[in-house]
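Reader: I would like to learn how to read the surface, the fold and the ring contacts of a model. Please show me the structure and take the features in turn.

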Amino acid sequence: MPQARKEEDGPLDISISQDVTYDTNPYRLGDGVAPPGRTDASERSDWISITGLRIDYDRDFDGHRLGFVVAPSLVRYARFDQLDHTRQRYDLSWSVRPLQRAEIGLRYQHLDYLADLADQRTREKNMVTADTLGLDTVFGTGARWQLVGGANAARYRNESELQKAGDRDGWEANLGVRQQSRAGNWVDLRGRYGDYRFPNRAASILSDSGYEQQAVEFGWNWAFAGHSRLSGKFGYQWREHDTYDIRDFKGWYGNASYLWRSGGASAVRVDIYRQIGEVTDASASYAKTTGIRAVYDWSSGPKLTLSPSLDWRWRDYLGVGTLSRGNEDTLTARLSVNYQIRPSLRLTGGVGNESRRADQSQSAYSATFVNALLNWQVY
């Protein structure tokens, strides 16, 4: 990732990076399970190379703001070359202030990425393409009150024929009111409505073609004394499926993030979240995930930073056809070291372990990884 842009640097950043990772279990297999196409369960480790280019542009002109990100990466495996792929990310955003107290923003994002091998029923390569188009609006009705709203449309496609049942189209709209303080802190309350379709699922005794979802959501972004910030959202949602009401859901969701900076050498970030996500199985309804992440940054000087982190999540698979999958909990521990060789050249090294316990034995695994990343700010 490129360094944070400074005003005097101009609107354009260009960087290239090279990451080399040694992973003891890239397929995320359980004990004694051989990788696809192999008979020896001990042949599971691999070297992974990721070569990336990133271009960032962000500029204000005549009341408009235009930004984009272009970030393709070549991912190559030394042993399991069947997993070789090109990862892509393209972002485009535009905003304008047509009135003194109003702002309108449009955004588009395109992603191509390898699906998580640990969460698929099969261990084959599956590239996911995600396209998202969004609209955000803010209209000030007074010095501290604003009307806020927006809409999103998304399209997800799986390359693997075995995962086509997980393809999804959907749209969502939201509308609410926000109160903002003189210091820029704010809280808001919104209502949300969404409609989601599975184009490759036919409604049957084991699958549903889509669902509708409503939610009431409270959000906030608040700074305390300049050294800490609390942000997030908290809501209650209702999900109703077209034909199979046994999969209907209602409950809490949201996330809270706390960032504390000492003003000196250290910083702490803690994230707590609960998500309701999709599952690619045709017979699945959703996965309910609860987790916590914590990162501590400590700098011994202007060039060296140490960052230990811990990420724990608990996931329940719910809905007819997924009851046998039960639940899983995953723990990931990392230690990263960042060294600023030159203002435009940065070296990052890391070591970590990821382990999952699960009701279903084929979903349990353990993996250790070590990586080194060199990033050069070309422009």
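Reader: Which residues form a nonpolar patch on the surface?

Author: Bear in mind that this is a predicted model. The nonpolar surface patch consists of L99, F139, W145, L147, V177, L189, V216, F218 and W238. Together these residues have about 820 Å² of accessible area.

Reader: Where is L147 found, and does it count as buried or partly exposed?

Author: A residue counts as buried under 20% relative accessible area and as exposed over 50%, with partly exposed in between. L147 lies in strand 8. Its relative accessibility is 43%, so L147 counts as partly exposed.

Reader: How many helices and strands does the protein have?

Author: There are 19 strands and zero helices.

Reader: Why is the protein described as being as compact as a globular protein of that length?

Author: The general idea is to set the radius of gyration against what the globule rule gives. Here the radius of gyration is 23 Å, which is close to the 21 Å from the rule for 379 residues, so the protein is as compact as a globular protein of that length. Along the principal axes, its C-alpha atoms fill a box of roughly 65 × 55 × 35 Å.

Reader: What share of the residues is buried, and what makes up the accessible surface?

Author: Of the 379 residues, 39% are buried. The protein exposes about 20,200 Å², and 58% of that comes from carbon and sulfur atoms.

Reader: What percentage of the contacts with a separation of 6 or more is between residues 24 or more positions apart?

Author: Such residues account for 53% of those contacts.

Reader: How many aromatic pairs does the structure hold?

Author: It holds ten aromatic pairs. One of them joins F198 and Y211, with 6.2 Å from centre to centre and 45° between the planes, and is tilted. This pair links distant parts of the chain, 13 residues apart: F198 sits in the loop between strand 10 (186-197) and strand 11, whereas Y211 belongs to strand 11.

Reader: Are F198 and Y211 buried or exposed?

Author: The cut-off for buried is under 20% relative accessible area. F198 has 5%, so F198 is buried. Y211 has 1%, so Y211 is buried.

Reader: Which residues do ring pairs link into a cluster?

Author: F234, Y236, W238 and W252 are linked in this way. W238 is also one of the residues of the nonpolar patch.

Terms used
Residues numbered from 1 in each chain as written. Predicted model: local features only at pLDDT ≥ 70, side-chain atom pairs only at ≥ 80, totals over all residues. Heavy atoms only, no water. Patch = residues over 30% accessible without salt bridge, like charges linked within 9 Å, V, L, I, M, F, W, Y side chains within 5 Å. Areas by Shrake-Rupley, 256 points an atom, 1.4 Å probe, with all protein chains shown as cover. Salt bridge = Lys/Arg side-chain N within 4 Å of Asp/Glu carboxyl O. Helix = DSSP H or I, 4+ residues; strand = E, 2+ residues; numbered from the N terminus. Buried < 20%, exposed > 50% of the residue type's maximum accessible area, 1.4 Å probe, protein only. Rg over C-alpha atoms; globule rule 2.2 N^0.38 Å. Contact = heavy atoms within 4.5 Å. Phe/Tyr/Trp six-rings, centres within 6.5 Å; stacked < 30°, edge-to-face > 60°.
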